[in-house]
Amino acid sequence: NNNLSKKNGAISPSVTLAITAKAKKMKADGIDIVSFGAGEPDFKTPDHIRKAAVKVIEEGNIGYTAAAGLPQLKKAICDKLKEDNNLDYLPENIVVSNGAKHSIYNALQAICNPGDEVIISVPYWVSYPEMVKMADAKPIFVETSEENGFKYTKENLLKAVNEKTKAILLNSPNNPTGTVYTKEEIEDIAKIAVENNIYIISDEIYEKLIYDGNHVSIASLGEDIKRLTIVINGMSKAYAMTGWRIGYLAADKEIAKIITNIQSHATSNPNTIAQYASIEALKGDQEPINQMNKAFDERRKYMVDKINSIKNLSCKMPKGAFYVMVNISKLIGKDLGGQKINGSMDFAQYLLDNAKVAVIPGAGFGTDNYIRLSYATSLENIEEGLNRIEKAVSK
Ligand code: PLP
C-alpha cells in the first residue's frame, strides 16, 4: 500500500525555520529586513581551521573514515573533555556525527523504547520534542518560569519523574533562554537522575559562549552520574562552524557502540574534510573564541538594556548562548496599529510586516508569552532593529 509513515508524517516543521524563510524571501525581494532570527554565529570560521581543510583537499586523501569518526579526532575530543570538563573518556566512548543535532538524535535512538518518557524543560529547543517522538518515546514537558531563570527545579523535576522516565534533556547554556545552570543546580539534577536511574542527555553545544558564570558538565560530578550521561557537544557554535556539520557525543561504551552501529548503517562517517578541520579547531589557537565572546557580550548588554527601556517589553540578562527571551505578555490581547495581538505568532508577524524585523515567536519553544531575539548579528543591526521594534510597539 502507498500510505506514508504515520510516525514521521506527524513530525512538525520547525517554526523557527518558517519565519526565517519568510524573512529571507522578503530580503531577496529587496525589502530591508533586520533579522534577529539567527541561530548561528555571524563570524567566519577562523582562518587556521579553513586552512587545515584546504590542506586536506590539496593532499587529496579524502576517503571514508571509521563510521564513528577519525581516531585522531576522537583522541582530540577526549583531550578536550579532559582539559575543559575534567572528564575521562577513551576513544571508544566517543561518536562523531553530522552536527550535535545528529548526536542527540542518535542518543535518543540508542536508549529509547516505545512508551518511554523523556523530560524536556519549557521553553525548549524546537528539535527536542520531535526527536523524542522519532525515537518512539514521549516528550514530558516541565514548565519553568522567568523568575527562576527558566530552570528545572528539584520539585518540578521530581513531579515529572516516574517509572517510565528514560531520560532528562539538559541544555546549559540554553537555547532559547540563555540560562546557565550553577554547579549546585546541576548537582540536584544529577542526584535525581542517579536515585531514579535516569539517563541525562546533556546538550553542551553552547559551552564556550558564557558571559557570567562557569560551565559545569554534569558528567563530571561523579562516576554514577557519568555512567548515565550522554554528553553532547560540537564545533558549530564555539568555532563558527555550523555549515561544516561536526558534532560529537561521549557516553558509556555500550551506548557508544549502539550509536556507532546505527550510524554505520544510516550515514557512515561525517564529512572527512570537516573532521580534519575539527582536529585543528580543537587543538589549534583558541583565541578566536575570546574575540567572538567579547563581541557577543557587548551586544548582549546593549540589547538587554534597550529592550528594558521599551514600554511593554522586558527581559532578563541571559548568561550564555546568544539569545534573549523577550517577555511580550503585556502586549497580548492588545491592538497594535489596528491589529489584534493574540500571541507570539501574531506579534512576530506584526513585526515582520510593520517594522520589517524578523524575530522568533515563543510558540515554537512552547511558550507563547515570549519572542526570541538572537544577538548573533552586528551591533548596528541590533540598534536599528530595536529602534524599529520600539516604534512598532508604540503604535
Ligand atoms: N542544540 C542546541 C540547543 C542548538 O541550539 C543547536 C543548534 O541550533 C544544536 C544543538 C545543534 O547544533 P549542530 O547540529 O549545528 O551541531
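Predicted model: local features only at pLDDT ≥ 70, side-chain atom pairs only at ≥ 80, totals over all residues.
Two packed helices are described by the angle between their axes and the distance between the axes. Helix H5, which covers residues 100-111, packs in this way with helix H10, residues 253-266, their axes coming within 9 Å and crossing at roughly 110°. Because angles of 65 to 115 degrees count as roughly perpendicular, H5 and H10 are described as roughly perpendicular to each other. The crossing of these two helices, H5 and H10, is right-handed. On the side of H5 the contact is made by Asn 106, Ala 107, Gln 109, Ala 110 and Ile 111, while H10 contributes Ile 255, Ile 258, Ile 259, Ile 262 and Gln 263.

Helix H3, residues 47-59, and helix H11, residues 272-283, pack with their axes 8 Å apart and at an angle of about 140°, which makes H3 oblique to H11. Where H3 passes H11, the crossing is right-handed. His 48, Ile 49, Ala 52, Ala 53, Val 56 and Ile 57 are the residues of H3 that meet H11, and they face Ile 273, Tyr 276, Ala 277, Glu 280 and Ala 281 of that helix. The contact of H3 with H11 divides into nine nonpolar residues, one polar residue and one charged residue.

Three strands form an open sheet in the order E9-E14-E13, and their pairing is antiparallel. Strand E9 (323-327) and strand E13 (360-361) stand at the edges of this sheet, and each has a single partner strand, so one side of each is left without a neighbour in the sheet. Between E13 and strand E14, which spans residues 370-374, there are two bridges, and the two strands run antiparallel. Within this part of the sheet, Pro 361 stands opposite Ile 371, a residue of E14.

Methods
Residues numbered from 1 in each chain as written. Axes fitted to C-alpha atoms, helices over the stretch in contact; angles between N-to-C directions. Helix = DSSP H or I, 4+ residues; strand = E, 2+ residues; numbered from the N terminus. Parallel < 35°, antiparallel > 145°, perpendicular 65-115°, else oblique. Left-handed = near helix turned anticlockwise from the far one by under 90°. Contact = placed C-beta atoms within 7 Å. Pairing = 2+ DSSP bridges. Nonpolar A, V, L, I, M, F, W, Y, C, P; charged D, E, K, R; others polar.
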